[in-house]
Amino acid sequence: MYLIFVGSAGNDGECGCIAHRSFSGLLRSDVTCLECGFSSTAYDPCIDISLDLEPLGSIISNGTGSCSNHHQMAALNWTTLYGCLDRFTRLEKLGLDQKFYCENCKIPQESVKQMSLCKLPQVLCLHIKRFEHSHVRNMSKKIDRYVQFPFNLDMAPYMSSCIVRLRHGNRLGFFDGEQTSPAEYELFAVVSHTGKLDSGHYITYLHLGLYWYRCNDSWISRVSNDVVRTTQAYMLYYVRKAFISH
C-alpha cells in the first residue's frame, strides 16, 4: 500500500490543504520576441496538466519514450504519453493575432511561447484531452485513441531547468528557481472512459500493494499489468518515488 507524505504548508502563502500539498505544482511560460530575443516569463500554479494528443502522422519523441518505432505506432492509431508531454513543452509560434508586446521593442511583435514545469507536485495528475469541439463543423466528439503510458515516468526532460538550458545552451550559468527534487514517478491510478461523448462510463484502476485492481462501481476485481497497459487512459496519476513507502 502507498503512503504519500505531504508535509506541512510552506511560508509562502500557499494553501495548506491536503489537496494542494499533494497535487500543487508550478508551470513556467516563456514568451520570446522574434525580433530582438527579449523574453517574458510567467508562473502559474496548477493541480493537473491537460495534454493534447499528437496529430496522426506527426508523432515525434524526445528519446525518452519506451517505443522507438513511431511510424508503426501512427499506423496503429497509437500515441505515447511522452509524445504528449513533448507536444506540451515544445516551442510554439504564436499567431499574428496574438502578438506579444515586447518591453524592449516597445511595440507588439511576433513571438514564440514555450511551457515547462518549474515545480513538480508530489502527486502528478495528467489529463488526456479526449473530448474536442470543432468550430468549423459545430460539433463535439470523443477521440478514441490508445495512449501508451509508462509505469515509471521520468519528468526531468520537461523541467524548466532542462528546457531552458537546451534552448540557450551554455549561456546560462545558473537557473533561477531550479527544483532539485527527484523527478521520477510511479503510476498508481488510471481512470478510463468507455462509450461516446453523450453517454459513457468511468472505470478506475488502482495499484495497491503488489497488485492492480479494477474498480467498476460496486465491482472490484484484481487484474494484470497488461490489462492496465491496454486501457484507454483518460486520467493518469503518478506519485513521486521519493515520497512512496511500500
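1. Helices (H or I, at least four residues) and strands (E, at least two) are taken here as DSSP runs, numbered from the N terminus. The model under discussion is a predicted one. On this basis, Glu 54 lies in the loop that runs between β4 (49–51) and α2 (70–75).

2. The burial of Glu 54 deserves a separate remark. Its relative accessibility is 3%, and Glu 54 therefore counts as buried, the cut-off for that class being under 20%. In sequence, Glu 54 and Gly 83 are separated by 29 residues; in space, their C-alpha atoms are 6.8 Å apart.

3. Which strand order does the open sheet of 4 strands have? The order is β3-β2-β9-β6, and the pairing is antiparallel. At the edges stand β3 (39–46) and β6 (92–93), each of which pairs on one side only.

4. Within this sheet, attention may turn to β2 and β9. Strand β2, comprising residues 25–33, pairs with strand β9, comprising residues 111–119, in the antiparallel sense. The pairing extends over 8 bridges. As for individual residues, Val 31 has Lys 113 in β9 as its bridge partner.

5. A further antiparallel pairing joins strand β17 (residues 211–216) to strand β18 (residues 219–223), over 5 bridges. Here Arg 214 has Ser 221 in β18 as its bridge partner.

6. β17 and β18 form a hairpin, with 2 residues between them. Asp 217, located in the turn, has a positive phi of about 55°.

Conventions
Residues are numbered from 1 along each chain as its sequence is written. This is a predicted model: local features need pLDDT of at least 70, side-chain atom pairs count only at pLDDT 80 or more; totals for chains, interfaces and linings use all residues. Side-chain values use heavy atoms; hydrogens and water are left out. Buried means under 20% relative accessible area, exposed over 50%, partly exposed in between (1.4 Å probe, protein chains only). Two strands pair if DSSP finds at least two bridges between them.
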